[in-house]
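Let's take a walk through this structure together. Keep the sequence and the 3D view side by side as you read.

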Amino acid sequence: MKTIVLTGASKGIGYQTALKLLESECQVIAVARSTEKLQELELETSSSLLKIISADLTKSDDIQKILECVSDTNGIDGLVNNAGALVNKPFSETTADEWEYIFDVNLFAPVNLIQSLKPYLNKGSHIVNIGSMGGFQGSDKFPGLAAYSSAKGALGILSECLSTEFSSDEISVNCLCLGAVQTSMLEEAFPGYQAPVQANEMGSYISDFVLHGHKFMNGKIIPVALNNPE
Ligand SMILES: NC(=O)c1ccc[n+]([C@@H]2O[C@H](COP(=O)([O-])OP(=O)(O)OC[C@H]3O[C@@H](n4cnc5c(N)ncnc54)[C@H](OP(=O)(O)O)[C@@H]3O)[C@@H](O)[C@H]2O)c1
């Protein structure tokens, strides 16, 4: 049985990814801040393979809670850094606090989590960082998303760097740059836009990718998009 740590599992893409991983008989350590929403996931699946952890990934004490849970397992086979946050505001109006918050959630939280969990990552494991088309070099850019897109861009480069550093430990690292998926985050970024992909479809893709994608690629920044919102 594979053990997967999945962040941002309380709603949207992460919630659906958790359901798919559980269907594949994986043990899932599902992390998000909202206890209530994680309990909804628990109710929906009623799987004994699910462990929920309420944690704010920007707080080191909360990362400790994840470590305690992971230390009771036989190691981790996959880590999906899916939790993300967005500020949609013209660049000139964004504050230093907003930049810090966006980088904390989208970049520094994955950095801290990967560093903390590294000793528990089994040989043959796969780290999947969830980026965005906004952070993919050469993609169309949209006004208001400078902080978010910059943080996601850095997450992609981090993935390339770590794939090299971790290769001797047989740990693969890839970054999926998602296009539009129908979730509350998309509605915040592009109100009224109808995405061509639903959260359950992307959850299915990510679940399959974390379990099998690293047999075919490593250190890749991969656009996963049909189109971009206009
Ligand atoms: N939807 C899209 O079109 C799209 C496109 C490109 C990339 N993405 C990326 O895909 C990922 C999932 O997005 P989504 O659309 O499913 O977003 P979402 O519905 O807003 O879900 C975000 C998840 O992140 C968690 N989260 C946020 N801040 C956190 C923190 N400080 N600590 C722990 N958990 C935190 C939230 O849980 P709590 O609030 O309970 O903490 C929630 O479970 C994100 O990384 C996003 O940037 C999405």
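Helices (H or I, at least four residues) and strands (E, at least two) are here taken as DSSP runs, numbered from the N terminus. This is a predicted model, in which local features need pLDDT of at least 70 and side-chain atom pairs count only at pLDDT 80 or more, while totals for chains, interfaces and linings use all residues. Residues are numbered from 1 along each chain as its sequence is written, and side-chain values use heavy atoms, with hydrogens and water left out.

With those element names in hand, let's start at a loop. Glu-25 sits in the loop that links α1 (12-23) to β2. Glu-25 is not a glycine, yet its phi is positive, at about 65°. Is Glu-25 buried or exposed? For this, buried means under 20% relative accessible area, exposed means over 50%, and partly exposed is what lies in between (1.4 Å probe, protein chains only). Glu-25 has a relative accessible area of 55%, so this residue is exposed. Ser-46, in the loop between α2 (35-45) and β3 (50-54), also has a positive phi without being a glycine, here of about 50°. Its relative accessibility is 65%, and Ser-46 therefore counts as exposed.

Now look at how α1 packs. Axes are lines fitted to C-alpha atoms, for helices over the stretch in contact, and angles run from 0 to 180 degrees between N-to-C directions. The axes of α1 and α2 lie 11 Å apart, and the two helices pack at an angle of about 30°. That makes α1 roughly parallel to α2; angles under 35 degrees count as roughly parallel, over 145 as roughly antiparallel, 65 to 115 as roughly perpendicular, and the rest as oblique. The crossing of α1 and α2 is right-handed, a term for a near helix turned clockwise from the far one by less than a right angle, with anticlockwise giving left-handed. Contact means heavy atoms within 4.5 Å, and by that rule Tyr-15, Ala-18, Leu-19 and Leu-22 of α1 meet Lys-37, Glu-40, Leu-41, Glu-44 and Thr-45 of α2. Sorted by class, this contact of α1 with α2 has five nonpolar, one polar and three charged residues. In this sorting, Ala, Val, Leu, Ile, Met, Phe, Trp, Tyr, Cys and Pro count as nonpolar, Asp, Glu, Lys and Arg as charged, and the others, Gly among them, as polar.

α1 has another partner in helix α7 (residues 199-212): their axes come within 7 Å and cross at roughly 55°. That makes α1 oblique to α7, and the crossing is right-handed. From α1, the residues Gly-12, Ile-13, Gln-16, Thr-17, Lys-20 and Leu-21 take part, and among those they meet in α7 are Ala-199, Met-202, Ile-206 and Val-210. The contact of α1 with α7 comprises seven nonpolar, seven polar and one charged residues.

Next, find helix α4 (residues 96-117) and helix α5 (residues 146-165), whose axes come within 8 Å and cross at roughly 15°. These two helices are therefore roughly parallel to each other, and their crossing is right-handed. Trp-99, Phe-103 and Ile-114 are among the α4 residues in this contact, and Tyr-148, Lys-152 and Leu-162 are among those from α5. The residues of the contact of α4 with α5 divide into 15 nonpolar, two polar and one charged.

In soluble globular proteins, nonpolar side chains tend to be buried together. A nonpolar core is a set of buried Ala, Val, Leu, Ile, Met, Phe, Trp, Tyr and Cys residues joined through side-chain atoms within 4.5 Å. Which of the 43 residues in the largest nonpolar core touch the most other members? They are Val-5, Leu-57, Ile-66, Leu-117 and Ile-127. The largest share of this core, eight residues, comes from α4. Apart from this core lies another, of 32 residues, including Val-128, Val-197, Ala-199 and Ile-206.

Our last stop is strand β5, where Ser-132 lies. Ser-132 has a relative accessible area of 9%, so this residue is buried. Leaving aside residues up to four places away in sequence, Ser-132 touches Tyr-148, Lys-152, Leu-176, Cys-177 and Leu-178. Met-133 belongs to the loop between β5 and α5, and with 12% relative accessibility Met-133 counts as buried.
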